[in-house]
Every structure is written in C-alpha cells, then in structure tokens.
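Student: I am new to this structure and would like to learn how to read it. Could we go through it feature by feature?

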Amino acid sequence: MSDTPKVLGDLAARQLANTTKTRVQLPAITPRWLVRFLSWVPVEAGTYRVNRAREGDTTAPVICSQKTDTPLPVSFVDYVEKPREYNLSSIKAIVGVHTRIADLYSQPYDQVKEQLRLTVENLKERQEHELVNNADYGLLKGAAPSMRLPTRRGAPTPDDLDELIARVWKEPAFFLAPPRAIAAFGRECTRRGVPPATVTIFGSPFLTWRGIPLVSSDKIPVTGKPGAGRTSILLLRTGEARQGVVGLYQAGLVGEQSPGLSVRFMGITDTTIAQYLVSLYCSAAVLTEDALGVLENVEVDAYHEYKWPT
C-alpha cells in the first residue's frame with residue numbers, strides 16, 4: 001500500500017468553482033477614427049443637397065469710391081442649376097437568436113445583447129469602409145482630379161505632405177492614412193532628422209506634421225505584392241462652416257440607438273427564433289473641391305538605410 005495521501009485534484013476541484021468569463025472579443029473592431037474625426041450633419045428624407053456657386057467670375061466689379069454719391073453696379077453670384085444630391089446608403093443585418101438560447105444561457109452575459117453588440121460593431125466597421133471606398137460618395141473617389149498628386153519618390157516624405165497641405169491649405173483638419181503608411185512616413189522623418197511631434201486626441205497619441213494629426217484607418221486599401229505595397233494618404237478639411245467634408249446620417253429613426261443606427265424587434269418566427277433588424281444609414285459629402293486632397297501611389301514598404309556620418 002502506498003503511503004502517499006490522496007488529495008483532491010485540480011480537474012475535480014474545478015467542477016465546483018466558478019469561471020470568470022469575458023465578453024466575446026471581436027478582433028475586427030478598430031478605433032474607427034474617421035467616424036470620430038468627421039463632422040456629422042443630420043439630413044431629412046435621406047437626401048443632402050450641396051448647393052454651390054457657379055465656377056468663374058459671375059459677379060459685377062465692385063467699385064470703391066471716396067464719393068458717396070457714386071452709384072455702385074448691381075452684383076450677383078450665380079448658382080449651379082443642378083446641384084449634386086447625396087442619398088444615404090443603408091447597411092443592414094438581421095440578427096436571429098433562438099428563444100431557448102436566450103432563456104437558458106444568458107448569464108452572466110445576455111445572449112441577445114451580445115449578438116446585437118457584435119452585429120453593431122460589424123456594421124460600424126462597414127460604415128467606415130464605405131466612407132472611404134464607396135463608389136458613389138467614398139473619399140477616395142470623391143477627390144477632384146486637381147486635388148490628386150503622386151508621391152515624389154515612392155515613400156511618403158515631409159515634402160509630399162507639405163505639397164498636400166498646399167492643396168488643402170484652408171484650415172486642414174487631419175491626414176487619413178493606413179497604419180503602414182504612417183509608419184513609413186515616420187521612418188522618412190527619422191531618416192531626415194525631423195521626427196514628427198505627437199499630440200494626444202481622444203486620449204490617444206497621434207503623430208503630427210505641421211501641427212496636423214495623422215489619423216490611421218485600415219479601411220484605406222494597400223495594394224501590391226508583399227514588400228511592395230502602395231496606398232493613398234488623404235488630407236481633409238471638415239465641417240459645414242468651413243465648406244469641408246461632412247458625414248451624413250438620418251436623424252429620428254425608430255429604435256435609434258445612436259446617430260443613424262437603429263435596432264428594431266421583428267418578432268418571433270414559427271420556429272421560436274427572435275429576430276432583430278439592425279440598420280445604419282450614412283453617407284459623406286465634399287462641399288468644395290479644395291476640402292479633400294489625395295496623395296497617391298504611396299509606397300508603404302520602402303526603407304532607406306540610414307548611414308551614420310563618419
């Protein structure tokens with residue numbers, strides 16, 4: 001007979017112990033900085049009309065005279081007769097949860113709330129993707145030809161960003177770039193001995209250039225083979241008051257959870273599945289052409305070895 005005393009093992013003991021659980025972790029969630037940095041405007045009936053003055057000199061000359069009795073000519077500003085209208089796009093998903101699952105397995109986390117939370121996160125990620133890439137209103141498509149410029153030599157340099165600032169010079173708000181492009185720009189600055197300053201916004205640090213923050217977004221595509229990726233860097237002026245870029249949403253939705261987002265209960269099916277409709281309505285508008293500039297064909301993997309002076 002063995003003299004070793006028998007003791008309670010870990011595996012058996014765990015049957016009586018409570019396990020601390022986390023909420024479901026979704027790796028696809030990003031900070032979605034673009035949505036947070038944009039100025040948002042509520043619209044009616046899902047439509048936003050951008051009225052513009054007609055390009056060119058359509059005003060009569062203004063005469064400055066020291067004589068008060070000199071009659072001034074009547075001047076006017078002509079309008080574009082068919083202004084562009086932006087229609088909100090919809091992003092939808094139907095969430096179904098079996099009532100038995102919701103009844104039996106909702107402790108410590110409510111199954112319905114978790115399913116809705118994860119679905120909303122996915123829709124918001126899609127929202128930022130559409131703001132950048134949508135064929136109708138996406139920022140990459142919305143830049144005017146005169147506001148597009150190529151890089152000087154591949155990797156993004158301070159000279160490139162200065163040229164972009166020269167295009168969007170009226171109160172630029174922020175750069176928008178993929179994380180790899182921001183890293184490439186940081187390397188170029190370090191190589192030149194001009195490391196960019198850092199500023200804290202929304203409690204997070206951002207690199208800046210000329211005082212303008214570089215905001216990261218993984219929704220801007222990086223194309224090309226590994227080691228030879230290319231992308232774009234955007235510079236935006238924002239807000240209606242500045243005639244910039246604005247985000248659009250529908251206000252006053254039934255079941256509104258946040259601006260432009262609603263959750264509506266659709267009922268329980270014959271197979272006892274509770275269904276919820278999650279809807280998100282959004283768009284973006286560039287109020288004037290000089291509010292958005294794009295630096296194109298940016299190399300994100302270019303690296304130039306720094307040689308220390310001898």
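Student: Among contacts in the protein between residues at least 6 apart in sequence, what percentage join residues at least 24 apart?

Tutor: This is a predicted model. In it, 76% of the contacts between residues at least 6 apart in sequence join residues at least 24 apart.

Student: How many helices and strands does the protein have?

Tutor: There are seven helices and 15 strands. The radius of gyration is 27 Å, while the globule rule gives 19 Å for 310 residues, so the protein is more spread out than a compact globule. The C-alpha trace spans about 120 × 70 × 40 Å along its principal axes.

Student: What share of the residues is buried?

Tutor: Buried residues account for 39% of the 310. The accessible surface is about 18900 Å², and carbon and sulfur atoms hold 53% of that surface.

Student: How many positive and negative side chains are there?

Tutor: The protein carries 36 positive and 33 negative side chains, and the centres of the two sets are 3 Å apart.

Student: Which residues have the most contacts inside the largest nonpolar core?

Tutor: They are Tyr48, Leu176, Leu234, Leu236 and Leu248, in a core of 47 residues. Strand β14, residues 273-286, supplies the largest share of this core, with eight residues. Another core, of 21 residues, lies apart from it and includes Leu161, Phe175, Leu235 and Leu295.

Student: What is Leu176 in contact with, leaving aside its neighbours within four places in sequence?

Tutor: The partners of Leu176 include Leu34, Val132, Val215, Ile220, Leu234 and Leu236. Ser216, Ser217 and Ser232 are also among them.

Student: Is Thr157 buried or exposed?

Tutor: A residue counts as buried when its relative accessible area is under 20%. Thr157 has 1%, so Thr157 is buried. Thr157 sits in the loop between β5 (148-150) and α6 (158-167). Beyond four places in sequence, Thr157 is in contact with Arg152, Phe185, Glu188 and Arg192.

Student: Is Arg152 buried or exposed?

Tutor: The cut-off for exposed is over 50%. Arg152 has a relative accessible area of 55% and is therefore exposed. Arg152 also lies in the loop between β5 and α6. Not counting residues up to four places away, Arg152 touches Thr157, Asp159, Asp160 and Glu163. Arg152 and Val298 are 146 residues apart in sequence, yet their C-alpha atoms are 9.2 Å apart in space.

Student: Where is Gly267?

Tutor: Gly267 is in strand β13, residues 261-268. Its relative accessibility is 17%, so Gly267 counts as buried.

Student: Which peptide bond is cis, with omega near 5 degrees?

Tutor: The bond from Gln107 to Pro108 is cis. Pro108 is found in the loop between α3 (99-104) and α4 (111-133).

Student: What is the phi of Gln243?

Tutor: Gln243 has a positive phi of about 55 degrees, although Gln243 is not a glycine. Gln243 is located in the loop between β10 (230-236) and β11 (245-250). At a relative accessible area of 48%, Gln243 is partly exposed.

Student: And what is the phi of Thr272?

Tutor: Thr272 has a positive phi of about 60 degrees, and Thr272 is not a glycine. Thr272 lies in the loop between β13 and β14. Its relative accessibility of 33% makes Thr272 partly exposed.

Terms used
Residues are numbered from 1 along each chain as its sequence is written. This is a predicted model: local features need pLDDT of at least 70, side-chain atom pairs count only at pLDDT 80 or more; totals for chains, interfaces and linings use all residues. Side-chain values use heavy atoms; hydrogens and water are left out. A nonpolar core is a set of buried Ala, Val, Leu, Ile, Met, Phe, Trp, Tyr and Cys residues joined through side-chain atoms within 4.5 Å. Buried means under 20% relative accessible area, exposed over 50%, partly exposed in between (1.4 Å probe, protein chains only). Helices (H or I, at least four residues) and strands (E, at least two) are DSSP runs, numbered from the N terminus. Contact means heavy atoms within 4.5 Å. The radius of gyration is taken over C-alpha atoms; the globule rule is 2.2 Å times the number of residues to the power 0.38. Accessible areas come from the Shrake-Rupley method with a 1.4 Å probe; for residues, only the protein chains shown count as cover. Lys and Arg count as positive and Asp and Glu as negative; His and the chain ends are not counted. The place of a charge is taken as NZ of Lys, CZ of Arg, CG of Asp or CD of Glu.
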